[in-house]
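Load the model in your viewer and keep the selection tool handy.

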Amino acid sequence: MPLSMTKMILCPVCGNKRCPHASDHDLPCTGSNEPGQAGSVYQILELAAKAAAIEYDPSRSKPHPVSGAFWGLWLVIHGEPNEHTRRYWNPLADAGDALRLAVKLRIPVQTDICFKDVSLEKQYAATRRAIVLAAAEIGKAMP
Ligand SMILES: [Zn+2]
């Protein structure tokens, strides 16, 4: 199983998966795990997917109704040889998904001096998050 499928993004304050602060630290922590909160990971990914014309199955992309676990958007892949080629799309957790998103939307990626003294793992995560938030803004501006 790829590492990207084992990561889950949680709010560092309340620990909820659907809290908007989990996907964007500029958004306030709501202390809530209610689905459909503005700015939640799910909504951010939906907007990013819209911007890049990523096709996914919404009915299979929702957070788990009981546990709240959310792994990403369930990709629709045409012409697949078998069911095993299906997978989740989550550029917040998967560097490959994030890079493809940046290239497809021509989002310039530049790491900065402010990353000095920050672990590589955190630099990767911050870069993925920046790409996804930029893509979500593009998706938000689309009709
Ligand atoms: Zn929170």
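Leaving aside its neighbours within four places in sequence, which residues is Leu45 in contact with? Select Leu45 and you will find Gly72, Leu73, Asn90 and Leu92 in contact with it, where contact means that two C-beta atoms, placed from the backbone, lie within 7 Å.

Before going further, a word on the model. It is predicted, so local features need pLDDT of at least 70 and side-chain atom pairs count only at pLDDT 80 or more, while totals for chains, interfaces and linings use all residues. Residues are numbered from 1 along each chain as its sequence is written.

Now zoom out and colour by secondary structure. The chain has four helices and two strands, running α-α-β-β-α-α from the N terminus on; these are DSSP runs numbered from the N terminus, helices being H or I with at least four residues and strands E with at least two. Of the 143 residues, 33% are buried, that is, with 20 or more other C-beta atoms within 10 Å of their own C-beta, placed from the backbone (12 or fewer is exposed, in between is partly exposed).

Next, select Leu45, Ala48, Leu101, Val132 and Ala135. These touch the most other members of the largest nonpolar core, which has 29 residues; such a core is a set of buried Ala, Val, Leu, Ile, Met, Phe, Trp, Tyr and Cys residues joined through C-beta atoms within 7 Å. H2, S2, H3 and H4 each supply at least two of its residues, and the largest share, nine residues, comes from H2.

To see the contact, pick residues including Ile44, Leu47 and Ala48 of H2 and Val132, Leu133 and Ala135 of H4.

Finally, select H3, residues 95-104, where Asp97, Ala98, Leu101 and Ala102 are buried. Look down the axis of H3: the buried residues fall within an arc of 135°, so they line one face of the helix (the arc is that of the directions from the helix axis to the C-beta atoms). Their cover includes helix H2 (41-52), strand S2 (88-89) and helix H4 (120-141). Just after H3, stop at Arg106, which takes a positive phi of about 55°.
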